[in-house]
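This report describes parts of one protein structure. It goes from the core to a helix and then to the aromatic rings.

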Amino acid sequence: MNEQQTFEQIVTNLEQMVGQASASVVPLLVGAFSRLQATVQLRLKSCCADSPTPQPVQADRYLTVPEVMERFHVSAQWLYRHKRQLPHSQPSRKVLLFPEKAIERWFAARKA
């Protein structure tokens with residue numbers, strides 16, 4: 001199996017798994033796919049850079065609303081109400097992502 005066929009098989013498997021996912025998992029899937037999209041875009045950007053030997057790009061991990069709620073003990077309502085003060089990305093109206101290192105620094109600065 002060549003690389004193209006492998007890729008197509010992976011995409012087909014993902015589509016089937018998404019179609020079978022329960023409604024409670026769908027928001028987590030959206031967050032996971034948004035993180036994956038950001039990683040792919042960074043990879044594409046590093047591969048197409050003018051530099052003959054691009055430096056490896058280490059993508060920041062993005063946290064979803066439930067992950068931030070659990071880690072920092074805040075509510076979803078609090079996150080959405082304060083999102084303008086928080087480091088975040090909003091790839092769509094319904095998806096809010098927080099860069100892990102930046103959000104950790106933000107909360108650490110407020111604790112001190």
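## The nonpolar core

The largest nonpolar core consists of 12 residues: Leu 63, Val 65, Val 68, Phe 72, Val 74, Leu 79, Leu 86, Leu 96, Phe 98, Ile 103, Trp 106 and Phe 107. At least two residues of this core come from each of helix 3, strand 3 and helix 5. A nonpolar core here is a set of buried Ala, Val, Leu, Ile, Met, Phe, Trp, Tyr and Cys residues joined through side-chain atoms within 4.5 Å. Buried means under 20% relative accessible area, exposed over 50%, and partly exposed in between, with a 1.4 Å probe and protein chains only. Helices (H or I, at least four residues) and strands (E, at least two) are DSSP runs, numbered from the N terminus.

The model is predicted: local features need pLDDT of at least 70 and side-chain atom pairs pLDDT 80 or more, while totals for chains, interfaces and linings use all residues. Residues are numbered from 1 along each chain as its sequence is written, and side-chain values use heavy atoms, leaving out hydrogens and water.

Val 74, one of the core residues, touches Val 68, Met 69, Leu 79 and Phe 107, apart from residues up to four places away in sequence. Contact means heavy atoms within 4.5 Å.

## Helix 5

Helix 5 covers residues 100-111, which is 12 residues. From its first C-alpha to its last it reaches 17 Å, close to the expected 16 Å; the expected span is 1.5 Å times one less than the number of residues. Its buried residues are Glu 100, Ala 102, Ile 103, Trp 106 and Phe 107. Among the elements that cover them are strand 1 (62-63), helix 3 (65-72), helix 4 (76-81) and strand 3 (95-99).

Glu 100 belongs to helix 5 and has a relative accessible area of 15%. Beyond its neighbours within four places in sequence, Glu 100 is in contact with Asp 60, Arg 61, Tyr 62, Leu 63 and Arg 71.

## Aromatic pairs

The whole structure contains 4 aromatic pairs. Rings of Phe, Tyr and Trp (its six-membered ring) pair if their centres lie within 6.5 Å; planes under 30 degrees apart count as stacked, over 60 as edge-to-face and the rest as tilted.

Trp 78 and Phe 107 form a tilted pair, 6.0 Å centre to centre with 35° between the planes. Because Trp 78 lies in helix 4 and Phe 107 in helix 5, the pair ties together parts 29 residues apart in sequence. Trp 78 is partly exposed at 22% relative accessible area, whereas Phe 107 is buried at 13%. Trp 106 and Phe 107 form an edge-to-face pair, 5.1 Å centre to centre with 80° between the planes. Ring pairs link Phe 72, Trp 78, Trp 106 and Phe 107 into a cluster.
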